[in-house]
Amino acid sequence: MNRLEDRYRRVLRLLPASYRQAWEEDMVATFLESEQPEDAEEAEFAADYGRPSRAEVASVVALAVRLRLGGDGAPPRYLVWGETVRRLALVGLLVQAVAALAGIGAWLWSPWVTDLVAPGRTADVQALLGLVWVAAYLCLVTGRWRAARLFAALALARAVYFFGVDLAPVEGAYGLSWTIGLLLDALPVVALVAFHRQAPAVKARPWLVALPVGVALLTVALLLTYVSVPALVDWPSVVCVAVFAAAVGYLSLPRLGWRNATVSWATTLALLALAALVQRAVTLLDYLRLGARTPELDIVIAIAAGQAAAVLAIAVPLTMLAAKAVRALPPVTTR
């Protein structure tokens, strides 16, 4: 084995082991043949110093993603993880779209509610640009996946811009929590890679219905909070309540046997619970480090700690059930 062949084999390690066992030799032979110069001296030089091209590495990476985030006809384990990542994208974009539409209503009605949905940002600009998330979500649900990626990338760029604008005046005081928030904004955008050629079509109707229902629920929650004590609710509170309710609903459903869809919802909710817990924990640290201690702040801290405990309590059994279900799936075998 020469050095060039060894380098190709190292790149192919990105692929699942079962796929490599079936196709590695053929792929290596094809790569070497395409890179083999006709001149003997050049061929010897290429064997010692040649490297896979960027296009070849990119093609292997794309293939590895498609295989590990499986679609129609994929082994059950890869199908489950593919469905999990696709649902993370759908849920993440749904949350952003709901927040954007609720932010439009809040912008027209109350500046305080707008600050809750998009804290620290110019209300009118943030509300209007948030509609890009809505466009990305609707494109994804209706099968326009390329357009969804474009709109989601634009929305994420907008989030990065406002991140810098908001962080500068506070001199990095909320750097950790805002960075976590930005990473959570990026999560569904990155998860769009799971919508590849083999991915099954999205069942549009329930996801389209979820958008106005989510906007209505969030608007009612914000109005009720505004009438009572506005300071008691922040965005991580809304996320924690939504994830907790979804997890309780899932665990309450009778399960006579595991199906791929059921398993993928368990893994999706477990990951969402982890994300909500991390966001709640870092914002709680902000309250403890940066807030002026008042009776009202003590109540806010107590509520935030209770929410973190509730999400953790529901995440543990959810994660255990998801792990058990994934282990019960048949192993991936060589084709």
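Guide: Gladly! Let us go to the place where Ser237, Cys240, Phe244, Ala247, Val248, Tyr250 and Leu251 of helix H12 meet Gln307, Ala310, Val311, Ile314, Pro317, Leu318 and Leu321 of helix H14. Sorted by type, the residues of this contact comprise twelve nonpolar and two polar ones, with no charged residue. Please keep in mind that you are looking at a predicted model.

How do the two helices lie against each other? The axis of H12 and that of H14, which covers residues 295–328, come within 10 Å and cross at roughly 35°. This crossing of H12 and H14 is left-handed.

Now follow H12 by itself. Helix H12 runs over residues 235–252, which makes 18 residues. From its first C-alpha to its last, H12 reaches 26 Å, close to the 26 Å expected at 1.5 Å a residue. Several of its residues are buried, namely Trp235, Pro236, Ser237, Val238, Val239, Cys240, Val243, Ala247 and Tyr250.

The protein chain has 14 helices and zero strands, and 43% of its 335 residues count as buried. Among contacts with a separation of 6 or more, 75% are between residues 24 or more positions apart.

A search of the whole structure turns up four aromatic pairs. In one of them, the ring centres of tyrosine 161 and phenylalanine 162 are 5.4 Å apart and the planes stand at 75°, so this pair is edge-to-face. Tyrosine 161 counts as exposed because its relative accessibility is 55%, whereas phenylalanine 162, with a relative accessible area of 4%, is buried.

Another pair is formed by tryptophan 207 and tryptophan 265: their ring centres are 6.3 Å apart and their planes lie at 20°, so the pair is stacked. It links distant parts of the chain, with tryptophan 207 in helix H11 (residues 204–227) and tryptophan 265 in helix H13 (residues 260–290), 58 residues apart. Tryptophan 207 is buried at a relative accessible area of 14%, while tryptophan 265 is partly exposed at 27% relative accessibility.

Notes
Residues are numbered from 1 along each chain as its sequence is written. This is a predicted model: local features need pLDDT of at least 70, side-chain atom pairs count only at pLDDT 80 or more; totals for chains, interfaces and linings use all residues. Side-chain values use heavy atoms; hydrogens and water are left out. Rings of Phe, Tyr and Trp (its six-membered ring) pair if their centres lie within 6.5 Å; planes under 30 degrees apart count as stacked, over 60 as edge-to-face and the rest as tilted. Buried means under 20% relative accessible area, exposed over 50%, partly exposed in between (1.4 Å probe, protein chains only). Helices (H or I, at least four residues) and strands (E, at least two) are DSSP runs, numbered from the N terminus. The expected span of a helix is 1.5 Å times one less than its number of residues. Axes are lines fitted to C-alpha atoms, for helices over the stretch in contact, and angles run from 0 to 180 degrees between N-to-C directions. A crossing is left-handed if the near helix is turned anticlockwise from the far one by less than a right angle, and right-handed if clockwise. Contact means heavy atoms within 4.5 Å. Ala, Val, Leu, Ile, Met, Phe, Trp, Tyr, Cys and Pro count as nonpolar, Asp, Glu, Lys and Arg as charged, and the others, Gly among them, as polar.
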